[in-house]
Amino acid sequence: MNNKLIRFFNITGLTWFIPLVKIIAGENPTPQVRELFLIMGVPIIAFALFLGLWSVSASQVNTSLGAIPGPAAVWHEAGGLLDEHFAERSKETQYYQRQQERDQKTLAEDPAAEIKDRPYNGQATYLDKIFTSLYTVFAGFIIATLVAVPLGLVCGMSPIINTAINPLIQIFKPVSPLAWLPIVTLVVSAMYVTTDDSWFEKSFITSAVTVTLCSLWPTLINTAVGVSSIDKDLTNVGKVLRLNWITQVRKIIIPSAMPYIFTGMRLSLGVGWMVLIAAEMLAQNPGLGKFVWDEFQNGSSNSLGRIMVAVFTIGFIGFILDRIMLSLQKVFSFGKAI
């Protein structure tokens with residue numbers, strides 16, 4: 001049971017629980033306490049020093065929007081954003097309650113009356129913007145994965161195709177999202193016409209496609225490297241057994257290259273999340289990027305504090321996404337160090 005817990009914590013990245021598990025299991029507590037201090041104590045002390053340095057130095061820097069907010073001010077703004085979210089959800093609930101009561105009254109007066117429910121069009125809250133950003137980045141990431149993995153498999157299996165595509169990869173891989181965005185905006189505007197029944201807004205598609213174009217390269221490259229690095233004995237076994245091409249890919253190539261594929265996906269998701277904020281700023285997709293831009297344009301006394309909240313939110317979500325992909329990478333690495 002202890003070994004299973006330790007393996008679980010290693011996979012999920014929750015390694016600070018491992019010394020506690022070993023202490024409970026009856027192992028010598030002295031080395032475990034030392035290990036716990038290194039894993040948890042040192043980072044906590046470093047973060048506390050960072051907060052102290054930030055608190056002392058923040059008030060010394062004055063901008064056009066006022067002094068840089070310290071940790072307490074940023075925490076206060078975070079609480080204010082949460083309060084605004086709950087207040088908006090309360091307004092939404094009251095709106096639908098009033099609509100339901102109005103519909104019931106109308107039907108009571110005229111059972112044949114046509115009822116038309118109207119959606120609530122209140123202001124998007126900070127948590128709504130977080131959800132929008134996550135939805136957008138995963139849409140772009142999934143599209144990038146669906147394109148990059150098959151193309152990487154083909155490149156890894158065929159040196160000729162790899163030689164042909166590699167120059168394009170090297171040219172487009174370093175291109176900034178700020179360069180892609182005008183092109184994507186023009187193409188989406190020309191090809192996608194929005195109506196009242198449209199599923200997606202143009203700003204969402206523009207941001208998602210920009211994320212796709214910037215994040216597919218790590219997955220493509222790692223997949224190609226993983227396929228080309230497969231032990232030749234495995235592919236020879238497939239030839240001896242006279243497996244068809246699809247069976248070889250499904251049974252031999254993909255399982256063997258899986259650790260590399262997930263390494264590329266982890267890198268791609270990190271790039272996509274970083275690219276998304278810039279894309280949302282310019283495409284005006286209602287996510288965290290637009291929130292930062294709107295607060296900067298707003299120029300109120302609490303704008304800097306709200307921008308700092310967004311900065312920490314972006315960093316924290318990026319860390320969580322990386323931990324999730326790292327856990328998946330460990331699950332599919334089969335003990336290999338990538």
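## Terms and basis of the model

A residue counts as buried when its relative accessible area is under 20%, as exposed when that area is over 50%, and as partly exposed in between, with a 1.4 Å probe and protein chains only. The model is predicted, so local features need pLDDT of at least 70 and side-chain atom pairs count only at pLDDT 80 or more, whereas totals for chains, interfaces and linings use all residues. Residues are numbered from 1 along each chain as its sequence is written, and side-chain values use heavy atoms, with hydrogens and water left out.

## Cysteines

With a disulfide taken as a pair of cysteine sulfur atoms within 2.5 Å, the count comes to zero. C155 is in no disulfide, and the nearest cysteine sulfur, which belongs to C214, is 19 Å away. C155 is buried, its relative accessible area being 3%, and C214 is buried as well, with a value of 8%.

## Nonpolar cores

A nonpolar core is a set of buried Ala, Val, Leu, Ile, Met, Phe, Trp, Tyr and Cys residues joined through side-chain atoms within 4.5 Å. The largest has 37 residues, and Y126, W273 and L288 have the most contacts inside it. Among the elements that give two or more residues to this core are α3 (29–58), α5 (126–157) and α12 (303–331), while α10 gives the most, with 12 residues; helices here are DSSP runs of H or I with at least four residues, numbered from the N terminus.

Leaving aside neighbours within four places in sequence, W273 is in contact (heavy atoms within 4.5 Å) with residues including L134, V137, L288, I314 and L321. A second, separate core of nine residues includes A144, C155, I165 and I169.
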